[in-house]
Amino acid sequence: MAIKLYKVAKKVLVGGVNSPVRSFKNIGINPIFIKNAKGSKIYDIDGNEYIDFCMGWGSIILGHANEKVIKNIRNVINNGINFGLTTKSEIELANLIKSAIPSIERIRFTNSGTEAVMSALRLARAFTKKKKIIKFDGCYHGHFDSLLVNAGSGVSDIYNSTSDGVPTNFIKNTISVQFNNIKLLKKVIEKNYRDIACVIVEPIPGNMGLIVPENEFLYEMRKLTEKYDILLIFDEIITGFRLNFGGVQNLLNIKPDLTCLGKIIGGGLPIGAFGGKKEIMKLLAPEGNVYQAGTFSGNPVVMISGLSTLQQLRRKREIYDKMKENILIIKNELKKIKNLYFSNYGSMFTLFFIGKEVKNYDDIKKCDLKRFKRWYKKMLNSGIFLPPSQYETSFISVAHSLNDIEKFIFQTKKNLK
Ligand SMILES: *Cc1c(COP(=O)(O)O)cnc(C)c1O
């Protein structure tokens with residue numbers, strides 16, 4: 001059935017999909033088409049069952065089709081699904097987030113993470129009255145023009161966009177720096193600080209595969225940005241509520257000026273949010289002159305989905321430790337295997353097909369992609385679904401059982417042979 005559907009899909013959707021990585025082009029196989037999902041399992045239209053280690057790209061943490069979330073959504077939709085006006089649930093979700101992440105004094109909801117980041121940058125530029133931004137190679141902040149940039153070779157000042165259709169003009173104020181390289185960051189800031197509005201970072205990068213920051217990297221980044229009046233933006237779109245009830249900033253005790261959220265806070269429905277200090281946020285319309293808006297922003301169905309998810313997470317905080325333990329079980333079993341590097345943090349992990357620790361985007365370019373692809377295909381055929389790229393992070397949920405974890409270990413070892 002999947003092959004038939006793929007043929008039809010390709011005639012109407014570009015590449016048969018609505019987001020590139022779903023095409024499985026990296027792996028060189030046809031996409032799978034999903035029919036339904038429950039808990040840790042996802043089922044394709046041919047009836048194949050997979051243990052899901054992608055979990056909606058990290059947007060699902062309680063497991064698929066969580067009963068309370070679905071029940072609450074059902075109750076809400078009976079009363080109308082979009083008013084374009086404010087409802088009580090927006091205030092409730094905002095307050096819950098604020099209580100969990102103290103650096104967020106005011107918040108604005110958007111419909112995607114991309115929008116949240118885009119608007120946070122506009123705000124940072126308005127607040128500082130400066131125009132340049134610093135990002136890190138391999139970090140992803142959504143698909144809008146000025147952030148589709150990775151550094152060229154060395155410390156060259158000329159960058160290329162990672163996408164066609166982005167005029168050089170749109171990226172000339174973006175500087176991309178190697179992650180975990182505090183010396184380089186310091187150098188770039190000292191040279192350009194008069195022009196730099198903000199540094200944006202995924203504190204635990206998850207979009208080049210999972211990379212863990214070195215001890216002092218984020219602390220030094222905070223010190224430097226403070227010293228030079230540069231705003232620090234944490235893109236916690238993946239990490240928000242994934243590692244604890246809050247953000248990485250709580251775990252590490254670092255206070256960014258602005259934070260971007262998304263994924264989990266919508267409980268599986270489309271969402272984004274950005275927030276931070278009130279003196280910065282008040283520049284946003286209608287209080288200030290930084291324009292930002294959305295027909296669907298704060299949509300009542302999305303809000304109840306997010307609220308119902310976060311309320312459950314707040315009540316059951318011990319689940320974060322349990323998910324972490326499950327990942328450590330995998331790590332213990334796989335860490336001895338040659339030419340593999342197991343990168344992990346909380347409920348997130350990446351199996352890098354490389355024989356050494358990876359610290360940045362340059363390191364992971366040396367991964368053995370052929371070996372990854374061979375393994376990936378076998379895993380899929382054995383009923384394990386992972387994000388179809390070496391450069392994505394895998395996720396587990398509250399619904400993953402010890403049995404799921406043991407199956408993953410067993411199949412990984414078997415399929416590496
Ligand atoms: C997913 C993601 C985004 C983009 O969010 P969308 O909702 O896909 O637009 C931005 N930043 C990070 C860190 C992400 O993981």
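The model is predicted. Around the ligand stand Ser 112, Gly 113, Thr 114, Tyr 140, His 141, Gly 142, Glu 202, Asn 207, Asp 235, Ile 237, Ile 238 and Lys 263. Elsewhere in the protein, the salt bridges come to a count of eleven.

**Ligand surroundings**

- The shell around the ligand is made up of six polar, three nonpolar and three charged residues.
- Asp 235 places a polar side-chain atom 2.7 Å from a nitrogen atom of the ligand.
- Of the 380 Å² of accessible area that the ligand has on its own, the protein covers 84%.

- Side chains of opposite charge can pair when their charged atoms come close.
- Lys 359 and Glu 214 form a salt bridge in which the closest N and O atoms are 3.1 Å apart.
- Lys 359 belongs to the loop between β14 (348–352) and α13 (361–364), and Glu 214 to the loop between β9 (196–201) and α8 (217–227), so the pair ties together parts that are 145 residues apart in sequence.
- Lys 359 is partly exposed, at a relative accessible area of 32%; for Glu 214 the value is 32%, which also makes this residue partly exposed.

- Glu 220 pairs with Lys 223 in a salt bridge, with the closest N and O atoms 3.3 Å apart.
- Both residues lie in helix α8, where Glu 220 and Lys 223 are three residues apart, about one turn of the helix.
- Glu 220 is partly exposed, with a relative accessible area of 26%, whereas Lys 223 is exposed at 52%.

**A further pair and a network**

- Asp 362 forms a salt bridge with Lys 365, and their closest N and O atoms are 3.3 Å apart.
- Asp 362 has a relative accessibility of 30% and counts as partly exposed, while Lys 365, at 51%, is exposed.
- A network of salt bridges links Arg 222, Glu 226, Asp 257 and Lys 277.

Note on methods. Residues are numbered from 1 along each chain as its sequence is written. This is a predicted model: local features need pLDDT of at least 70, side-chain atom pairs count only at pLDDT 80 or more; totals for chains, interfaces and linings use all residues. Side-chain values use heavy atoms; hydrogens and water are left out. A residue is near a molecule or strand if one of its heavy atoms lies within 4 Å of it. A polar contact is a pair of N or O atoms within 3.5 Å; within protein, one must be able to donate a hydrogen and the other to accept it, and residues adjacent in sequence count only if both atoms are side-chain atoms. Accessible areas come from the Shrake-Rupley method with a 1.4 Å probe; for residues, only the protein chains shown count as cover. Ala, Val, Leu, Ile, Met, Phe, Trp, Tyr, Cys and Pro count as nonpolar, Asp, Glu, Lys and Arg as charged, and the others, Gly among them, as polar. A salt bridge is a side-chain nitrogen of Lys or Arg within 4 Å of a carboxyl oxygen of Asp or Glu. Helices (H or I, at least four residues) and strands (E, at least two) are DSSP runs, numbered from the N terminus. Buried means under 20% relative accessible area, exposed over 50%, partly exposed in between (1.4 Å probe, protein chains only).
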